[in-house]
Structures are given as C-alpha cells and as structure tokens.
Amino acid sequence: MNQAEGLHARPFSNIYVEEVVKDASETLRILEKFPRAHVIYIGHYKDVFNRKHQNFTAQKQAPALILAKKEGTLVYKGAPVCQSFGHEHFYYTSCVMNCLFDCEYCYLQGMYPSGNVVLFVNLEETFAQVDALLEQHPVYLCVSYDTDLMALETVTGFVRRWYDFAAARPSLTIEVRTKSGNFALFEHLKPLGNMVFAWTLSPDVIVQRYEHHTASLDARIRNIRQASKLGFKVRVCIDPIIYVPDFWRLYKELVQQVFEEPVTIMDASVGVFRVSNDYMKRMRRLRPECALVHFPFVTENGVYHYGRELSRKMVAFVKDCLREYISEDKIFIWDGDEI
Ligand code: SF4
C-alpha cells in the first residue's frame with residue numbers, strides 16, 4: 001500500500017455538517033462511509049473553518065471533514081499565475097477546500113486558516129453555472145484546484161461525476177490534476193476527448209522530502225503509462241519546479257524516467273514555484289524549518305518567485321529536456337514573464 005492509499009483508508013474521525021445540507025443525499029452517502037465518526041451539526045462552515053488560532057499543522061495530520069453548501073459564484077476565471085494551455089476561456093472551480101496531502105510548498109497553507117477539509121455537497125449548482133457559461137462559449141475548466149480530487153475520490157466520487165458531466169458536453173474541457181496513486185477509477189472509465197488527467201511530477205528526493213503523503217514518483221509514472229495505454233488524455237506537469245541542490249541532474253533524470261518506456265503524452269506544463277506575498281508570509285511562519293519556503297526569493301507585483309533570470313534558466317532547461325521526447329508546441333511554460 002502506498003502512502004496515498006494509506007491516507008485514503010484513514011477515516012475522518014470528526015465530521016461537521018451544515019444544518020442546511022444535513023438531509024442532502026450526498027451528505028447521507030458520505031456519512032455512511034464513516035459510521036464511527038463523531039458528527040457535529042453546525043450553522044455555517046466558516047464557523048469552524050475560519051476560527052482564529054487554529055493549529056494548521058496538527059489539523060493536516062488528522063483533518064476533520066466539513067460538509068457544506070457553497071453559495072454565490074462557484075466558477076471563477078483562471079488566475080494569471082496559472083497555466084491556461086492556450087484556452088481562451090479558462091476557469092476553475094473548487095468543490096473541495098484543502099487537500100489530504102501535505103506539500104511543504106503548497107499555497108493552500110497560506111490561503112486557508114484551517115487544515116480541515118471542506119467538501120461542498122451541492123455540486124449540481126456548480127454544474128448549472130458551467131452550463132450557463134457553455135451557452136456563451138467553450139469552457140476549459142480545472143476542477144482539482146485548491147485540493148487533490150483524485151485523492152478524495154473514494155469519499156466524494158466527484159471525479160466520476162465531472163466525467164459524466166463532461167461526457168455530455170463536448171464544448172467543455174476538464175482538467176483533473178493529481179499527485180495521487182489512485183488508479184481504481186480508470187478501470188471503470190472510457191477515455192474522453194475532453195477530459196484531461198494531469199499528473200504533477202517532481203524528482204523523487206523532492207517528493208520524499210517535501211510532498212508528504214503523496215504517491216511516490218514511481219507510482220505516478222506507472223499511472224501515467226497505464227492511463228496513456230488505455231487511451232486517456234495525459235498531461236505531465238513539472239510545476240512547480242523547485243530549485244534544490246543538484247537541480248540540473250535531478251530534473252534531467254526526472255524527464256528521462258518519464259519517457260524511458262513508451263508513453264503518449266498529450267502535452268506538458270513547466271513552471272517555476274511562485275506564490276503570492278500574503279500566502280508566503282504565513283507559509284514561512286508555519287514552516288520555520290523549511291529551506292524551500294525560506295529561499296531568498298524576489299518579490300514582484302505581489303508574487304514571490306526565483307527571479308526572472310533563474311526562473312527562465314530553470315524552465316528553459318526542463319523544456320529542453322522534454323523536447324527530446326515531445327514537440328515544442330506541446331510544452332507550455334510559466335517562467336515569470338507573466339507576472
Ligand atoms: S497535492 Fe497540491 S493541493 Fe495537495 S498539498 Fe500538495 S500542492 Fe497542495
């Protein structure tokens with residue numbers, strides 16, 4: 001059993017449920033999966049999630065689950081620091097807030113006051129907002145932002161629901177991005193032309209040192225190969241690139257490892273680590289020992305990054321490594337010029 005599977009097997013021992021969704025079929029279905037959980041009914045998820053003085057680090061080790069209803073705008077325009085892969089109408093949605101994994105460089109720890117996981121059970125309202133956009137134009141939608149949906153699939157079934165939704169809407173393209181080793185879902189799906197599965201990859205030393213509870217690099221590459229063999233649209237994301245000792249050798253070997261056996265990759269993204277000023281301040285407070293977040297970054301327009309020169313060099317290097325295996329027009333980059 002890999003780390004991620006072990007994590008899936010661990011139940012949420014405390015589950016908070018908003019009164020407004022306590023009888024929703026999705027809530028009841030999820031609660032059935034955790035018969036021994038302590039269930040606490042609450043007025044609003046923010047009463048728990050936004051409490052002051054929470055211990056984010058402790059919560060990440062044993063997060064509570066919060067079942068809630070999301071209101072207002074549920075689908076957002078993609079941010080400039082994110083990769084649009086050439087799509088004109090780029091959006092993202094967050095049906096889950098927070099992640100079972102614990103990457104030391106994750107922006108979520110700067111963004112959220114809590115390490116607990118909020119799951120919005122009213123997914124059909126997000127579907128309705130996507131349909132409204134589709135009436136205006138095609139939509140490229142990232143559904144695994146602010147979480148890792150594949151890691152939670154055994155609890156939520158949301159990737160499957162997005163798959164069914166996309167299957168009936170050819171002008172919608174969905175991306176599901178993951179560091180999970182969960183492959184069970186693929187055995188029940190047929191490839192869809194408008195659903196992209198993206199694996200984020202880092203050299204193994206970074207996975208082991210900084211990406212706690214995620215699947216090993218070997219497991220991710222194995223899944224990429226298997227998904228590609230089955231005909232799924234596969235994306236490789238070497239993003240964020242992290243500047244570590246022996247960077248050049250590690251990233252060259254990473255790319256070689258991906259392609260050492262035949263694999264069909266739809267495209268790849270390459271981007272340097274970057275995070276907003278506000279998030280970084282909190283990340284540094286939470287991780288006083290983490291060399292990665294305490295790097296002497298450059299700040300520009302509210303974003304911490306490695307500086308344009310180093311960023312360009314790192315991205316160009318990884319791109320060159322990839323060009324040995326896939327054509328340049330399939331490699332999308334983020335090297336700081338976008339700030
Ligand atoms: S997998 Fe992604 S969302 Fe989850 S902790 Fe790591 S960086 Fe954050």
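Predicted model: local features only at pLDDT ≥ 70, side-chain atom pairs only at ≥ 80, totals over all residues.
## Nonpolar cores

The largest nonpolar core has 112 residues. Those with the most contacts inside it are Trp162, Met195, Tyr251, Phe273 and Leu322. Helix α11, residues 247–259, gives the most to this core, with seven residues. In soluble globular proteins, nonpolar side chains tend to be buried together.

## The ligand site

The ligand takes up the space of the largest pocket. Around the ligand stand Cys99, Phe101, Asp102, Cys103, Cys106, Leu108, Thr147 and Lys179. By type, this shell divides into five nonpolar residues, one polar and two charged.

## Valine 272

Valine 272 belongs to strand β14, residues 267–272. Is valine 272 buried or exposed? Its relative accessibility is 0%, so valine 272 counts as buried. The cut-off for buried is under 20%.

Serine 311 is 39 residues away from valine 272 along the chain. Their C-alpha atoms are separated by 6.2 Å. Valine 272 is also in contact with Ser311, leaving aside sequence neighbours within four places. Other contacts of valine 272 on that basis include Asp239, Pro240 and Ile241. Tyr306, Met314, Val315, Trp334 and Asp335 are contacts of valine 272 as well.

## Two loop residues

Histidine 89 is found in the loop between β4 (75–77) and β5 (90–93). With 18% relative accessibility, histidine 89 counts as buried. Beyond its neighbours within four places in sequence, histidine 89 is in contact with His137, Pro138, Val139 and Tyr140.

Glutamine 136 lies in another loop, the one between α6 (123–134) and β9 (139–142). Why is glutamine 136 classed as exposed? Its relative accessible area is 58%, and exposed means over 50%. Glutamine 136 and serine 171 are 35 residues apart in sequence. From C-alpha to C-alpha, glutamine 136 and serine 171 are 11 Å apart in space.

Technical notes
Residues numbered from 1 in each chain as written. Heavy atoms only, no water. Core = buried A, V, L, I, M, F, W, Y, C linked by side-chain atoms within 4.5 Å. Buried < 20%, exposed > 50% of the residue type's maximum accessible area, 1.4 Å probe, protein only. Helix = DSSP H or I, 4+ residues; strand = E, 2+ residues; numbered from the N terminus. Near = heavy atom within 4 Å. 1 Å grid on protein atoms, 1.4 Å probe; cavity = no way out; pocket = protein on both sides within 12 Å on 5 of 7 lines; lining within 4 Å. Sits in = over half its atoms within 2 Å of the grid points. Nonpolar A, V, L, I, M, F, W, Y, C, P; charged D, E, K, R; others polar. Contact = heavy atoms within 4.5 Å.
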